[in-house]
Amino acid sequence: MELGPYLVLATLEGAVMAAVLALTACGLSLVFGVMRVVNVAHGEFFMLGAVFAWWIASHIGGAPAWGFVAALILAPLIVGAIAAAADMTVLRRIDYDPERTIVATIGLLYILQQATLMTYGPDARPVEAPFNTRIAIPWVEWTEAGWALYWPWGVATTSYKMFVIAAAVAVLAGLWGLMTRTRIGLLMRATQLDRDMALAFGIPVERVYALVFGLGAGLAALAAVLIVPIQQAHYLMGHDPLLLSFIVVIIGGLGSLPGTILAAILIGLTDSLVSVFFSPTLAKILATLLVALVLVFRPQGLFGSRAS
Amino acid sequence: MSRVLALHLGLVALLLAMHFVLPAYHHGNLARVMVLACYAIGFNILFGYTGLLSLGHALFFAAGMYGMGLAITQLGAAPAPALLAGLIAGLVVAGITGALALRTVGVAFMIVTLMFAQAGYLTILYFGDITHGDEGFVIQPAQRVLWGLDLSDPSWRYLAAWALFSACLIASLALVRHPFGRTLTAIRENEERARLLGYDVALRKWVAVVISGGISALSGAAYGLLFGYAGASFASVQYSIFPLLWVLLGGAGTVLGPFIGTLFMFYLIDLTSGITTAYMLLAGVVLVLLTLFAPQGLVGEVRRRGWGWLP
């Protein structure tokens, strides 16, 4: 068997991962960019998205597609509302002090994770994909009759995975539009640039913060709903997305959305390609060390420009 | 001065007296609490007194534990040199990561330490054939005889834990009253001013990281030796969060706080885990409540409400 088809396959898997990662990391990046706080509980909002997706899908009868569509709309809204409530009850009261916020969100992480363990339980549960057609990947080969197309055995993806990529691109485009073309995006950007000046101009900064915190968590939940038909929902599933989002956000430059998306594509693809050749643990060790060294020696991120 | 010394020596004497009166279950628990309190004392020197919040102290704890454990299982070392190996491993790791992480400040420092600890945890998993990853490995009772004292025996174990804790407590008291410790507090309060007064702030912060990492490593090594087990879970994020929780609960920047916090949290978790498997829920609730309502912790509150002389 040639290596070529496997590389194509790894690239496609990597693209799915990059798509989900881009959504999750953009949520984290948005919160850091506007509010200047690090949300350690971000991975748990991802996990809640997956768990609510299972809960909604299992309560709606009929074709699996209906349950999935309902989950896709409702789960991010519920998770966003929980996050906004946490922002108003906890983070606002400690005045978004960066260090105390980290401690408080660590507490929030355990509360959400363990509450899920108590209610949802320790099992991993699947959500059925709305459609899941197998798509074989063709490969070209030189035969005596010239270049010929053939379908190597076992090299295939599914229509659902392609949908995940398309959906992530659409959501990110929507987010871009929201930030640059709408009034609420303008308010968010104004708050990001100068909180006190925004307050002086009558922008309800506290409400903007709650909205941004909810929006960030909602993006993570949306990513989780998209991935849950591929990966099952489990109460500990928030750990890896949190770590990877940190890596992506830091490499992309803290708080910069285009940098975050670029870094998500880079990390998603390399992680999947490196895992073909090396052990995944080694790949993770190298990635975490890379992040630490980027923060030490190039705090503006690999793609960021040195901010004032 | 004398009442400070009397209070701390009184605690040490009380813990020794506990050895003779406590029932077996609490006797075993208190031995554990004392070793873990040393970990909290190490963390407190960096967090409470120097004002640097590390989210990766499990790296040092595990460096001590694995430095000790691997010296025994791989090299066949005796317990005393193994403990020393654990301490040296912790000092070296703290020296290197400290030098790198201290180039950053604030939130970046927390994330860098978190990432280093994560890399350390994954490294333990990666070398699974000698560390046995998450399963960990057991240190046999025959390998735990220190100077003729069998540390697998509950009595000697308690006394060894007590000796280590007393040494760490008195050392931390001496450190914070020493001029060097006072400059650490000065750095915490106002780094710019400390620099202006002519102190080498960068060097002092690095020394604080190394001292803090060394005590944490010693605690990790002792924990592995006394309880006969080393596992990757001791290097996980959870074990970086625990000392933060203990110190915040007891009172950051107080000498007694780490012990009080460890004792309270240990029993809170012990009681909760009897009711539900989701005992970490309690840790989360306590963390949020502490940041909201009592950022000074228990001993910090006592100091604020009258006992201003508490170190």
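**Helix packing and chain contact in a predicted two-chain model**

Helix α11 of chain A (residues 280-297) comprises 18 residues and extends 25 Å from its first C-alpha to its last, close to the 26 Å expected at 1.5 Å a residue. Helices here are DSSP runs of H or I with at least four residues, strands are runs of E with at least two, and both are numbered from the N terminus; the expected span is 1.5 Å times one less than the number of residues. The structure is a predicted model, in which local features need pLDDT of at least 70 and side-chain atom pairs count only at pLDDT 80 or more, whereas totals for chains, interfaces and linings use all residues. Residues are numbered from 1 along each chain as its sequence is written, and chains are lettered from A and ligands numbered from 1 in the order in which they are written.

The buried residues of α11(A) are A:K284, A:A287, A:T288, A:V291, A:A292 and A:L295. Viewed down the axis of α11(A), these buried residues fall within an arc of 130° and so line one face of the helix. A residue is termed buried if 20 or more other C-beta atoms lie within 10 Å of its own, exposed if 12 or fewer do, and partly exposed in between, with C-beta atoms placed from the backbone. The arc is that of the directions from the helix axis to the C-beta atoms. An α-helix has 3.6 residues a turn, so residues three or four places apart point the same way.

The cover over the buried residues of α11(A) includes α9 (239-251) of chain A and α5 (107-126) of chain B. Helices α9(A) and α11(A) pack at an angle of about 35°, and their axes are 10 Å apart; the crossing is left-handed. On the α9(A) side the contact is made by A:F246, A:I247, A:I250 and A:I251, and on the α11(A) side by A:A287, A:V291, A:V294 and A:L295. Contact denotes two residues whose C-beta atoms, placed from the backbone, lie within 7 Å. Axes are lines fitted to C-alpha atoms, for helices over the stretch in contact, and angles run from 0 to 180 degrees between N-to-C directions. A crossing is left-handed if the near helix is turned anticlockwise from the far one by less than a right angle, and right-handed if clockwise.

Contact between the chains takes 34 residues from chain B and 34 residues from chain A. On the chain B side, α5, α11 (237-250) and α13 (280-293) each supply at least two residues, and the largest share, 13 residues, comes from α5(B). A:Y110, in helix α4 of chain A, is in contact with B:M280, B:L281, B:A283 and B:G284, leaving aside neighbours within four places in sequence. A:Y110 is buried, with 25 other C-beta atoms within 10 Å. A:Y110 and A:A41 are 69 residues apart in sequence, and their C-alpha atoms are 8.2 Å apart in space.

Elsewhere in chain A, helix α2 (residues 42-59) has 18 residues and reaches 26 Å from first C-alpha to last, close to the expected 26 Å. Of the 18 residues of α2(A), 15 are buried, so this helix is largely enclosed by the rest of the structure. The loop between α3 (64-91) and α4 (98-119) of chain A holds A:D95, which has a positive phi of about 60° although it is not a glycine. A:D95 is exposed, with 8 other C-beta atoms within 10 Å. A:Y96, also placed in the loop between α3 and α4 of chain A, has a positive phi near 55° and is partly exposed, with 16 C-beta neighbours inside 10 Å.

In chain B, B:A89 is located in helix α4 (residues 79-101) and counts as buried, with 24 C-beta neighbours inside 10 Å. Not counting residues up to four places away in sequence, B:A89 touches B:A63, B:G64, B:G67 and B:A217. The C-alpha atoms of B:A89 and B:A62, 27 residues apart along the chain, are separated by 9.5 Å.

The unreviewed UniProt entry annotates several stretches of chain A as "transmembrane region", including residues 102-121 and 208-230. The end C-alpha atoms of residues 102-121 of chain A lie 27 Å apart, and the span is 90% helix and 0% strand. For residues 208-230 of chain A the corresponding separation is 34 Å, with 87% helix and 0% strand. In chain B, the unreviewed UniProt annotation "transmembrane region" covers, among others, residues 109-128 and 156-176. UniProt positions follow the numbering used here, feature names are shortened, and annotations may be inferred rather than shown by experiment.
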